[in-house]
Amino acid sequence: MIIIGDLHGNFEVIKRFLSVYPVENTTFIQVGDFGIAVAESIQDTRRDLENLAKVLKKGNNRLFAIRGNHDHPEYFDNTTYFNSVVLVQDYSRFDIDGRNILFVGGGVSIDRNLRIKGYDYWKEEEIQPIKGDISNPDIVISHEAPLIAYPDNSRLYDEPGNLIKSDALKGRRILQKIFEKRPKQWFYGHYHRSYNEIINGTVFNLLNINEFYDNGIIPFSVILK
């Protein structure tokens, strides 16, 4: 299982990774800001997914991606594209490599006031209320982080009256409820840096943009430019 940080539509880095590390029969999981329908047409999006799927199929690989704050929420409904790319719906659970994984997409664009609604910003970008069973996941994949994880709240939410920051805080509080179920691991992105920590027994891995983290017996990570 290989976890991928934010891509923002730069699917070429997956192709480069596979050219250097030609893995086979591997599941890739991407933590949001995948790059779906941001200022693109539906036709362009399907073409990009088809090209990516062709590369994955060569090694019998597959990819699961959640939505970030820069992805069109409507696409993430558990549809499998070209038998290789799954755009995962919020609060879905899949058993992958013997581990039960809970997927939670969404986040807040700090610059949403500068974006165009329906073009590169969607009101539904935020983390949505919990739906379904969230008990006992082995791994959580999200775009944002729960309150307890990096980055520290005091540096983010110290502006009373700032609706954008209060919305971000609300989303992290939702994720905090999931953390209380004590998953073994938690992977997220959004902040474009690498950072690892252990909190109350949960291993948190924040992935940088274009970072690939091998969650195998001997983990390694690589960032491709």
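1. Let's start with the outward side of α2: the face turned away from its buried side carries the exposed residues Q43 and K58 (exposed is over 50% relative accessible area, buried under 20%, partly exposed in between, with a 1.4 Å probe and protein chains only). Keep in mind that this is a predicted model, where local features need pLDDT of at least 70, side-chain atom pairs count only at pLDDT 80 or more, and totals for chains, interfaces and linings use all residues. Residues are numbered from 1 along each chain as its sequence is written, and side-chain values use heavy atoms, leaving out hydrogens and water.

2. Now the inward side: T45, D48, L49, L52, A53, V55 and L56 of α2 are buried. They cover an arc of only 160 degrees around the axis, so they sit on the same side of α2 (the arc is that of the directions from the helix axis to the C-beta atoms). In general, an α-helix has 3.6 residues a turn, so residues three or four places apart point the same way.

3. What do the buried residues of α2 pack against? Their partners are α1 (12-20), β2 (27-30), β3 (62-65), β4 (79-81) and β5 (85-87), with contact meaning heavy atoms within 4.5 Å. Helices (H or I, at least four residues) and strands (E, at least two) are DSSP runs, numbered from the N terminus.

4. On to the backbone: most residues other than glycine have a negative phi, and most peptide bonds are trans. N60, which follows α2, has a positive phi near 55 degrees. A cis peptide bond joins Y150 and P151, with omega about 0 degrees.
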